[in-house]
Structure formats: C-alpha cells, structure tokens
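Welcome! Here is a short tour for anyone meeting this structure for the first time. Take a look at the picture, then read on.

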Amino acid sequence: MPYLIYIASTLAAISLYMMMPRRGFQPGKFGALLGAATLGGLWLLLAEYLPEPTDRGVGHAVMVYYYIFSAVAIISAARVVTHDRPVYAALWFVMVVLSSAGLILILGAEFIGFASVIIYGGAILVTYLFVIMLASQSGDSDERPDHDRIPREPVAAVIIGFVLLSAILTAAFPTAEENLLHPNQFSAAPADADVIAGVLTSRPVQNMSRENGALAQALAGEFEQLSNAERIGLDLFQGHPLGIELAGIILLVCLVGAVVIAKTRIDSFDPKVGADQ
Amino acid sequence: MVVSELHSLVLSHFLFTGAVLFILGLVGFLCRRNMIMMFLCTEMMFQGVVITLVGFSRFHGNLTGQTFVIFVLTVAAAEAALALSLVVLLFRRKRTLDPEAWSELRG
C-alpha cells in the first residue's frame with residue numbers, strides 16, 4: 001500500500017503543477033483530468049479493503065456521501081490554489097467550507113458543522129471578500145497584475161507539499177493486513193459518557209451545593225438523551241474552563257491589536273509617491 | 001445520537017481528505033503571490049485540521065476533538081482579523097498586494 005500512496009502523490013503533484021496559472025501554453029484542463037483520475041483510481045483501489053457494512057460502523061451508503069463531499073472539497077481546494085482571480089478563489093473556498101461541513105455532518109458532529117458554515121462561510125469569507133474588493137486595483141481581466149497570474153516557485157512548493165502528503169498518508173493508512181484485521185486497536189480512550197459523568201461527580205465546585213450535585217447526577221444519568229450541542233457545551237464548560245478564559249483573552253487582544261493597526265497613519269497615501277518608497 | 005465506532009480504514013479516508021486539504025493550503029501558501037490569497041490558504045489548512053479532529057473524535061467516541069475545534073475556530077477568527085488588517089495596512093503603504101514588494105525585510 002505505500003507504493004500506491006507514492007504513485008498517487010506523484011501523479012497528484014504533477015496534476016497540481018499543470019493546473020497552476022502560467023504564461024503561454026496552459027495545460028490546466030489536462031492537469032484537472034489527471035488529478036481527477038488519480039483521486040478516483042486511489043479510491044477505487046482502497047474501496048476493496050473497506051469493511052462490510054454493519055450496524056455498528058459506517059455503512060457503504062454513508063461512504064457514498066463521503067466520496068461526493070470529499071471530491072467536491074478537494075477539487076474546490078485545487079481551484080482555490082490555482083485560480084488567478086482572488087474573488088473567484090474566495091468563492092471556491094466557500095465550496096470547500098460547505099463540503100467539509102458535509103463531511104463533518106457524516107461524522108455526527110452537527111454543532112461543529114453548522115458552526116463552521118456560519119463562522120467560515122459567513123463571517124470570515126465576507127471579511128476576506130471585503131478586503132479583496134478594497135485592495136483590488138481594477139476588475140478588467142487583461143489588467144490583472146502579474147503577481148496574481150504567475151505563481152512563485154511552483155515546482156518547489158508542489159514537491160514540498162506532496163512529499164509531506166505521502167509521509168502523512170503512509171502513517172494514516174494501515175500498511176499491513178494485521179492492522180486491517182484489528183481495526184480498533186487504537187480506540188483506548190474512554191467514552192465521553194464516562195468522562196463527563198466522572199467530571200460532573202468529582203469536581204469539588206459541583207459538590208458545594210446539593211442542588212448542583214443532584215443536577216450533575218441527573219445529567220450523567222440522562223447523557224444518552226443529550227444532543228450533540230449539549231454534549232459539547234458540557235464538555236467545553238466542565239472540562240476546559242481555563243481554555244475558555246484564554247480564548248477570551250486571545251479575542252480581546254486581537255480586537256485591541258486590530259484597532260491599533262487600523263488607526264495607524266500612513267503618510268504616503270498618494271499612489272505615485274507610495275510606489276517607490 | 002447513537003455513537004458508533006468507526007472502522008480504522010474509514011477513519012483513514014477522513015484523514016486522507018483532511019491531509020489533502022492541509023497540503024493544498026500549504027502549497028497555496030507557498031506559491032501564491034497575493035497576500036490575501038496566502039491567508040485564505042491558511043484558512044484552508046484550518047479546514048483540513050478540523051476534519052481530522054472531528055474524525056478522531058468520532059473514532060475514539062469522545063468529544064475532545066469537537067471541543068478543540070471550537071478553539072481552532074477562535075484562533076482562525078482572530079488570525080483572519082489581524083492578518084487582514086495588516087494586509088490592508090501594507091496595501092495602503094505600497095499600493096500592491098505582492099509580498100515581493102516587501103522583500104527588503106529579508107535583510
């Protein structure tokens with residue numbers, strides 16, 4: 001299986017390099033075809049090893065959704081990297097966010113999926129589009145600046161990326177038949193019901209009043225009925241209170257820093273003066 | 001919601017998608033010559049990491065990965081705000097988005 005990964009990484013690297021914008025002859029279509037063929041071939045070869053659908057695991061019907069969402073995500077990501085107009089690249093990134101939210105929904109994490117669509121696809125992408133509109137010189141296709149159309153060191157970047165990818169995939173995919181025969185040998189972490197029940201009953205803050213203790217016991221008993229968002233809320237606020245405080249400090253510092261940066265005075269606002277300064 | 005365990009090869013498929021998104025973001029960060037697009041590619045690397053975290057969360061049957069994604073979203077939002085304000089500052093100074101215009105910072 002490692003050789004399969006190496007061959008697929010090499011073909012994918014060549015196809016991504018062909019899709020990069022450049023001057024003169026543009027083999028982007030052939031690169032896209034080669035990349036799609038590589039992805040499809042890799043998945044077809046891996047599909048033989050997939051386990052039989054059971055009521056415990058993820059069945060084949062779910063894997064069909066995985067293939068659809070994953071293909072859309074990877075193709076859109078390749079377009080984000082290779083498109084020579086920033087606005088269209090940002091719109092392709094919306095497709096990446098939506099399809100990866102679909103993948104997250106397959107995995108049963110509804111809250112994270114919806115939150116990433118709202119935060120990434122809504123807030124962050126609108127901010128990026130605002131800045132692209134603010135900082136773009138002209139909308140003409142012939143007037144686009146060179147730095148959008150010609151990538152910097154594409155060969156070196158693609159080689160670095162796909163050597164790293166083949167290393168990651170060699171570790172991620174089981175290399176021997178033994179790993180396929182013992183699928184869940186790494187799942188030694190305790191289930192979340194045990195973790196949260198233990199946290200709820202053992203924290204001294206919870207045991208300070210009898211009402212809280214009773215609430216904890218009730219929640220631990222009804223854990224199976226909780227929704228995904230309620231479970232994440234419990235895990236977040238019971239297990240990571242210091243992390244929440246640190247995240248708040250990060251956001252506050254970021255807010256202050258952004259205000260300071262935005263208020264910085266630029267003297268050479270004239271474009272003719274600023275060009276050679 | 002019935003928490004069912006993933007087969008490790010199914011987990012590997014999700015890790016594959018996450019790794020490919022991360023690597024495409026890395027390649028984009030290295031070879032795009034537009035500062036806004038470079039930071040958009042870092043957001044794509046965050047997406048790959050999010051898929052990996054949620055896949056491991058489902059595989060182990062606990063919620064630590066999904067909780068960590070919330071912190072990843074926090075850092076991504078903070079990074080987007082600061083990076084974009086810096087990009088606007090640099091653009092106002094030289095009227096270009098090309099990072100090569102700042103290559104004298106290389107020393």
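Let us begin with overall shape: chain B has a radius of gyration of 18 Å, whereas a compact globule of 107 residues would have one near 13 Å. Please keep in mind that this is a predicted model. Along the principal axes, the C-alpha atoms of chain B fill a box of roughly 55 × 25 × 20 Å.

What is chain B built from? Its secondary structure comes to three helices and zero strands, and from the N terminus on the elements run α-α-α. Of the contacts in chain B with a separation of 6 or more, 62% are between residues 24 or more positions apart.

| Property of chain B | Value |
|---|---|
| Buried share of the 107 residues | 69% |
| Positive side chains | 8 |
| Negative side chains | 6 |
| Distance between the centres of the two charge sets | 9 Å |

Now for a look at chain A. Its helix 1 covers residues 2–19, which makes 18 residues. From first C-alpha to last, helix 1 of chain A reaches 26 Å, close to the 26 Å expected at 1.5 Å a residue.

Which residues of helix 1 in chain A are buried? They are Ile5(A), Ala8(A), Ser9(A), Ala13(A), Ser15(A), Leu16(A) and Met19(A). As a general point, an α-helix has 3.6 residues a turn, so residues three or four places apart point the same way.

Key
Residues numbered from 1 in each chain as written. Chains lettered and ligands numbered in written order. Predicted model: local features only at pLDDT ≥ 70, side-chain atom pairs only at ≥ 80, totals over all residues. Heavy atoms only, no water. Helix = DSSP H or I, 4+ residues; strand = E, 2+ residues; numbered from the N terminus. Rg over C-alpha atoms; globule rule 2.2 N^0.38 Å. Buried < 20%, exposed > 50% of the residue type's maximum accessible area, 1.4 Å probe, protein only. Contact = heavy atoms within 4.5 Å. Lys, Arg positive; Asp, Glu negative; His and termini not counted. Charge placed at Lys NZ, Arg CZ, Asp CG, Glu CD. Expected span 1.5 Å × (residues − 1).
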